[in-house]
Amino acid sequence: MFTKKRILQFCAAALIFLLADFWMYSTLSSNFRSYEEQRNFNEIELFAQTVPEESTNEAYEAWIPTVKDIIPGSRALYLTFDELTFDFVPLTGSQTTRALFDANKPNAEFQKALESVYYLEPMRLGSTYKADYSIDPDANSFEVTDSQVYFVPVIDETGYQVSGAVMILVPTSTATGFNNLLKTLFIAAAVVFLGILLVLTFTRDPMTGFMVLGLFAIVLVFIAYPLIEALRLSFMKDGVFSLQTWKESLSPTYLVALWGSLRLGILTATISTLVGYMFAFLIERTSFRQKKLMTTLATMPVISPPFSLSLSIILLFGNNGLISKQLLHLNTSIYGLGGLTLVQVIGMFPIAFMTISGVLRQIDSTVEDASLDLSATRWQTFKSITLPLSSPGILSAWLLVFTNSLADFANPLLLSGDYRVLSTEAYMLVTGRSNLGAGSALSFILLMPTLTAFLIQRNWVSKKSFVTVTGKPSTNLTELTNKPVRMALQIGSWVFIGFIGALYLTIVAGCFVVNWGIDYSFTLANWGEALSRGWTSIRDTVTLAAIATPIAGLLAMLSAMLIVRKKFPGKRFLEMLIMTPYAIPGTLIGISYVLAFNKQPLLLVGTGAIIVINYIIRELPVGLENGITALHQIDPAIEESAADLGADVPTVFRTIVLPLIRPAFLSSMSYTFVRSMTAVSAIIFLISARWNHLTVLIFNFSENLRFGLASVLSTILIFIVLSVWALMQVVVRDDKLTQKTISTR
């Protein structure tokens, strides 16, 4: 496809377009700059004509600041003409303008301007000057900014002589902002044109090329660009490159918080993986009967608000908890590392459970049968065969829980007490001190352990083989436990589930209590107040999640089809970018989105669009993995036959691929909806007065000790999520062909 003729055609067309693009940009930029300067000049001349009739300092002091009403951001200085010295002397006005005048009065350009106004001619200086606007008492966001300088004469009552002059500074930020926006738009137009031209010139399947380009554009704009902006800001201080932020972030204060996060993550991941393995082994590898019930109950914490269990723990074991204070009269505190670990284990063990379940279900038991036939005990078989074969799932589960634990800041904010973790430190820096640069640096530090664990896990798994392929996979699994072991697993699992159930019942009970810990009287007042104050948040949350769900599902399946079925340059890089949000803490995603989309040309902060985009990007990796797994099970010959009959790529995707991967598609959508409804880590940075989120409102109520209102909204949220989850489970049923039975021997 890369023939000499096509390359020459591409270069010629690209050169013509780029020249035309640059000419249009230069023309528009120059015309706007000229228009802006002339408009300011006219406004300033009109301002000079409004000079007060009373020639007193008080009158001038009241008049000069009104220049900001005519030209926003401008500053003025009134100069009176001294007839004895034939010189202009500063009388009153902006300190910024006075400092600039004093520093530059001897300059030839300033002297020429003063001479011009003496002869009643206004003048705009040809050069721009840097002015420090922060020295004014009414300083706004401006600091040291390039400014245009104007001198306008003030004529006396005769109309023939000068009585003074006005020096006015006008920041060039408006023109600069428009020019940057114009530059961005023309660069984007050039990139789009070159991309389309590249596809049309060098590919045999333009539709696939356009879809790949679109996917690249999405991940570059909404994944790579925000992270680059966050990283860039962490190296900036007062507008210049500096390592000061990183020096402060690596100080002993924050290293203690980093160690706190690592300790919490290691404890949570290790215990959660052990508990998750216990549940997965009981359900997948024993003859336990209540499997569906146990699976449903075990997945409850992962489809509920991430800090709802913290709310229950506080209600039961807090300083005024029902059990700790009212029943047992204990003085021990649930706040700290112990309470945090307990809550995170309960909330995150379902991740390990679901990950390990899939691995245990796929193990072909013929190897285990062979071991038992050779007189090995059940324990020896489990230790030497089952456990090693399930180790990739164990490592993946540990990594996923570890990542989620490091990124969690809602639970630590409620339960950490004096225990410090890095996620809450980053959150407090952003929300409490408005220090986005320091918050970004801490979030990147938090990313390092996650990436390290991920790379170690991938490297270890890649060096070992865990494949047990037989000519005909068995549909039977041999039970490796005897009755006492199975009973111990059942008792342990039911006790754990019972405790979780008690926590959820506590949330429901909290809805009907006047003031938990003080007055346990029955009341329905919480429901009325919570619904009146939270109805807007409920509506916004459901609406935004419903918008994001189908988009995320379709985008994930389309991405999976392109990655699995198509060959194109940069495929691995694209897949890596799509998977990146799964390894990034939510705090970093939220901070990076605020930085990237709080300015032109993509001014999205404060809108519902940025929340929807966050939902889609955050959950895209899970949908992509589901789609890739499903597509690997489908013979590509079906799609090739449709293509041979003339179907284009969108038609093949719509009529063949999507129906065949329907379970993965619906599962991806249900997961996106659930995670969107219960999200908090990134969303808390993106909400606005117009678009709020239910989990953030629940979190705020919990922080302010309004446990009754928090319980009501948590119950409503859990009910909504469970209803959608149950509906999806009915729609997406397990494939009978993949189910296996447990046989005893």
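**F86 and the aromatic rings**

I began with F86, which counts as exposed because its relative accessibility is 58%; on this scale buried means under 20% relative accessible area, exposed over 50% and partly exposed in between, with a 1.4 Å probe and protein chains only. The model is predicted, so I took local features only at pLDDT of at least 70 and side-chain atom pairs only at pLDDT 80 or more, whereas totals for chains, interfaces and linings use all residues. I number residues from 1 along each chain as its sequence is written, and side-chain values use heavy atoms, with hydrogens and water left out.

I placed F86 in the loop between β1 (75-82) and β2 (87-93), where helices (H or I, at least four residues) and strands (E, at least two) are DSSP runs numbered from the N terminus. Its phi is near 50°, a positive value in a residue other than glycine. Most residues other than glycine have a negative phi. I noted a positive phi also for L120, about 65°, although L120 is not a glycine; L120 lies in the loop between α5 (108-118) and β3 (123-132) and counts as partly exposed at 28% relative accessibility.

I then looked up the ring pairs, and a search of the whole structure gave 31 aromatic pairs. Rings of Phe, Tyr and Trp (its six-membered ring) pair if their centres lie within 6.5 Å, and planes under 30 degrees apart count as stacked, over 60 as edge-to-face and the rest as tilted. Y118 is partly exposed at 31% relative accessibility, while Y119 is exposed at 54%. Ring pairs link F81, F86, F88, Y118 and Y119 into a cluster, which brings me back to F86.

**S147**

I found S147 in strand β4 (residues 144-155), and at 0% relative accessibility it counts as buried. Its side chain makes a polar contact with the side chain of Y133 at 2.6 Å; a polar contact is a pair of N or O atoms within 3.5 Å, where within protein one must be able to donate a hydrogen and the other to accept it, and residues adjacent in sequence count only if both atoms are side-chain atoms. With contact meaning heavy atoms within 4.5 Å, and leaving aside neighbours within four places in sequence, S147 is in contact with T128, Y129, A131, Y133, L169, V170, P171 and T172.

**Nonpolar cores**

I looked next at the nonpolar cores, each a set of buried Ala, Val, Leu, Ile, Met, Phe, Trp, Tyr and Cys residues joined through side-chain atoms within 4.5 Å. The largest has 172 residues, and those with the most contacts inside it are F279, L422, F496, I578, Y593, I611 and L713. Helix α21 (residues 525-565) gives the most to this core, with 14 residues. A second, separate core has 21 residues, including F101, L114, F151 and L169.

For Y593 I listed the residues that it touches, not counting those up to four places away in sequence: F222, P226, N598, V605, I610, I613, N614, I617 and L686.

I located W691 in the loop between α27 (662-678) and α28 (694-703). Not counting residues up to four places away in sequence, W691 touches D540, L544, G606, T607, G608 and I611. W691 and V652 are 39 residues apart in sequence and 38 Å apart in space, C-alpha to C-alpha.

E575, in helix α22 (residues 571-583), is buried, with a relative accessible area of 16%.

**Cysteines and totals**

I searched for disulfides, taken as pairs of cysteine sulfur atoms within 2.5 Å, and the structure holds zero. C11 is partly exposed at 43% relative accessible area, whereas C511 is buried at 0%.

For the protein I recorded 29 helices and 13 strands, and a C-alpha trace that spans about 115 × 80 × 45 Å along its principal axes. Buried residues make up 49% of the 745 residues. Among contacts with a separation of 6 or more, 74% join residues 24 or more positions apart. The protein exposes about 35,900 Å², of which carbon and sulfur atoms supply 63%; these areas come from the Shrake-Rupley method with a 1.4 Å probe, and for residues only the protein chains shown count as cover.
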